[in-house]
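User: I am new to this structure and would like to go through it step by step. Could you take my questions one at a time?

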Amino acid sequence: MIEKQQDKSKTPRLIISCAHPEAGHPRSPLSGAMAASRMRSKRVEMDEESSSDSDEEYTVQSALEDWHYGKSEQTITNYTNRVKQFERFLAAKYNKTLEKAKRKHLKAYFTMLNKTCSQIRPDLCILRSMYRHFVKVGLAKKDPTHRFKVAQQLPAKQSRDLSSEQVRKLFAEAQKKRSKVTFAILQVLTYAGIRIGACASLLNKDVVRRIDDKNVEHYSLRVLKGKGNKSRCIPLKQSIGKSLHAFAAIQAKKSVFLFPGRKANAPLTRCAVHQRLKTIAKRAGLPHVSAHWLVSTLLSSTTLRIN
């Protein structure tokens with residue numbers, strides 16, 4: 001009884017599957033099998049074509065470009081400088097290229113760095129990341145850095161927290177300059193805590209003013225492609241935000257950039273922003289102060305007040 005029911009159920013299924021939708025008459029099972037085999041062969045050909053496209057052979061340059069993808073401009077610059085330094089060492093001492101480096105070459109390079117650098121941790125981290133990518137894309141067979149241990153970062157030689165009095169000295173020196181640019185730069189670095197590169201590339205429209213339902217003004221700074229290539233909106237103290245918003249309105253008549261450079265349609269360079277900060281720091285008797293100090297001060301002292 002069960003076998004007959006199975007046979008009866010199979011009969012209409014065979015007729016439906018073999019019926020030609022356009023001709024209106026049944027098609028033989030053999031022609032259906034041939035069509036299926038043709039479809040399978042076409043799929044194999046398509047898979048072979050797609051796999052051949054993905055099997056790209058990398059050069060050192062193309063692998064480095066692929067490794068840089070998604071990183072911020074400042075990160076790429078830092079990585080490139082350290083990699084080039086190691087590349088010059090390899091070529092001069094061993095006549096080797098990056099993908100041919102071995103553990104003994106890295107050991108000699110780190111020994112050389114130890115003579116002049118307080119720590120080799122940044123170089124090791126960067127080279128390890130690069131060689132892992134080389135292995136991933138098939139440019140190198142082994143990672144020559146895998147046996148090296150990354151040491152803990154050394155503590156800062158001195159505390160990077162500035163007192164309120166020291167911050168006031170910086171602003172006092174910035175106010176002595178005829179141009180208001182340095183003062184505005186100091187406001188951004190002190191109260192937004194962003195990197196010099198992000199500060200230099202700010203636009204006038206990035207200083208945002210908003211009025212809530214209670215008619216209270218709120219100010220924020222929009223940072224595009226900051227640390228980690230991320231974008232975010234940083235709330236500002238009202239007095240600082242109001243000052244920067246007024247400064248941006250004046251600057252908008254000259255350029256789209258909050259801190260325009262000498263070249264047309266270009267912002268101040270990172271070096272120019274850094275130099276302005278170092279100049280007022282020296283005049284204030286704080287030559288060691290950099291943008292990192294201002295970030296550290298902001299994070300550790302949320303109650304900082306500038307009268």
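Predicted model: local features only at pLDDT ≥ 70, side-chain atom pairs only at ≥ 80, totals over all residues.

User: How many aromatic pairs does the structure hold, and how are the rings of W67 and Y79 arranged?

Analyst: The structure holds 10 aromatic pairs. One of them joins W67 and Y79, with 5.1 Å from centre to centre and 20° between the planes. Planes under 30 degrees apart count as stacked, so the arrangement of W67 and Y79 is stacked.

User: Which helices does this pair link?

Analyst: The two residues are 12 apart, and the pair links distant parts of the chain. W67, which is buried with a relative accessible area of 5%, belongs to the helix of residues 60-68, while Y79 belongs to the helix of residues 73-93. The helices asked for are α3 and α4.

User: Which residue lies over the face of F148?

Analyst: F148 belongs to a cluster linked by ring pairs, together with F86, F89, Y94, Y109 and F110. A charge sits over a ring only if, among other conditions, it is within 6 Å of the ring centre. At 5.1 Å from the centre of the F148 ring, the residue lying over its face is R103.

User: What share of the 307 residues in the protein is buried?

Analyst: The protein has 12 helices and 3 strands. Across its 307 residues, the buried share is 32%.

Technical notes: Residues numbered from 1 in each chain as written. Heavy atoms only, no water. Helix = DSSP H or I, 4+ residues; strand = E, 2+ residues; numbered from the N terminus. Buried < 20%, exposed > 50% of the residue type's maximum accessible area, 1.4 Å probe, protein only. Phe/Tyr/Trp six-rings, centres within 6.5 Å; stacked < 30°, edge-to-face > 60°. Lys NZ or Arg CZ within 6 Å of the ring centre and 35° of its normal.
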